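Hi,

Here's the structure I promised to pass along. Have a look, and my notes on its aromatic rings follow below.

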Amino acid sequence: MEAKDALRVAAGAGGSGAVLKLALPAAVLFMAFLLLVGILGGGQSAQAIGDPCGDRGQPGAEIPGGDSTAGTGQTPGGSFRQKQIANAKAIDAVAVKGKLSGRASLIALMTALQESTLINISYGHLDSIGLFQQRPSQGWGTSTQIMDPTYSAGMFFFGAASGSPRGLTDIRDWESMPLGLAAQAVQISAYPDLYAGQEGAARQIAREAGIDLERPAAGTNNPGVPGPSGAPDRPEKCYPEGGGTPGKPGEPFHDGAAGWPASVRNPRSTADAIRWAEREAATGGKNWYQMCLVFVARTYGWSYSGVHYAIDHYREMPANMKHDKDRNPPPGALMYWDTGKRAGHVAIYLGDGKIASNDIKRPGYIDVVPATDIEKKWGSTYLGWAPPYFPKGG
């Protein structure tokens, strides 16, 4: 059910590269290749929406922009968003009819966001299709049935009459277990940790769709079978340990000394990366909506970063490479901000106090702006800078 993420990297994260010119059959073949070489195991550079850690700052998580002409730094706009909202309403209508709580709707929305970006797609890994990427070959229904949002939502909530595959209400204690674990109990994904990251975005869509996520259940649910065991119910750590408030927000950034550790090796040199970023800002298209980590990886010549979120990229940086709160980055450094969202934000420092960043002026575009804009305009917290180190990139 996760090959769609590789397709996003192939088709959506490539800026104006030649991959965008591939027809769908070629993209599907490319997905198959990615599966063989193992990119799906660690090369997903941009997950679907995921920002469960609060409402402060921008952007949320990285998602494909679609036709987001009416969007902001946090939410896509245009027909893409309208389709998401329509599908969210269809899912919730099934939950209401089945007398399920708003929590059930929330879990379903989180699942559909992770599986399909809440768009009713007719393709996926193997024979997976639809909002929940259900597979006809695994008993979820016929292709025609699964492509019906009402039917597929019903299967997600209630499962098959035979008990296999199971639905959410077949899972014992689903109402009290962590949201992401409840989704995983139904989906049985190879990437079980990704569903939890969709909570914030699911709540945002629910607000826009007028869905009451606090609605109590109106009936008695099946006590079900045991769900996953041994998983801790703990608050998610959204930001790197040691990160915190910088000096004075808005204080200028100055150029530091250049020179990276010997282990920092990229397809592009620092000078070429800066030129590439500046050229993308001058001539590039609307391909970077909430794709900050993809952008900096591409700037240095990588196809993907190998890390799900910008803030995780900073957290996983070797300690000797992290310069917490330091406002003297060298040109070419990666700068990181705590946005109050799961994904955080990263941009490339160009020198003279400027960065190349997506979404700060125009959603989806790269612009050269003062580095202080991330604090001043988005209310974000500067964490620090690090060399352009992509040990999991490819």
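Let's start with Phe132, which is buried at a relative accessible area of 0% (buried means under 20%, exposed over 50%, partly exposed in between, with a 1.4 Å probe and protein chains only). Phe156 is buried too, again at 0%.

Before going on, the housekeeping: this is a predicted model, where local features need pLDDT of at least 70, side-chain atom pairs count only at pLDDT 80 or more, and totals for chains, interfaces and linings use all residues. Residues are numbered from 1 along each chain as its sequence is written, and side-chain values use heavy atoms, leaving out hydrogens and water.

For ring pairs I took Phe, Tyr and Trp (its six-membered ring) with centres within 6.5 Å; planes under 30 degrees apart are stacked, over 60 edge-to-face, the rest tilted. That gives nine aromatic pairs. Phe132 and Phe156 are one of them: their centres are 4.8 Å apart and their planes at 10°, so they count as stacked. Phe132 sits in the loop between helix 5 (102-116) and helix 6 (143-146), and Phe156 in helix 7 (149-158), so the pair ties together parts 24 residues apart in sequence. (Helices, H or I with at least four residues, and strands, E with at least two, are DSSP runs numbered from the N terminus.) Phe132, Phe156, Phe157 and Phe158 form one aromatic cluster.

Lastly, charges over rings (NZ of Lys or CZ of Arg within 6 Å of the ring centre and within 35 degrees of the ring normal): Lys322 lies over the face of Tyr314 at 5.2 Å from the ring centre, and Arg362 over that of Tyr365 at 4.2 Å.

Cheers
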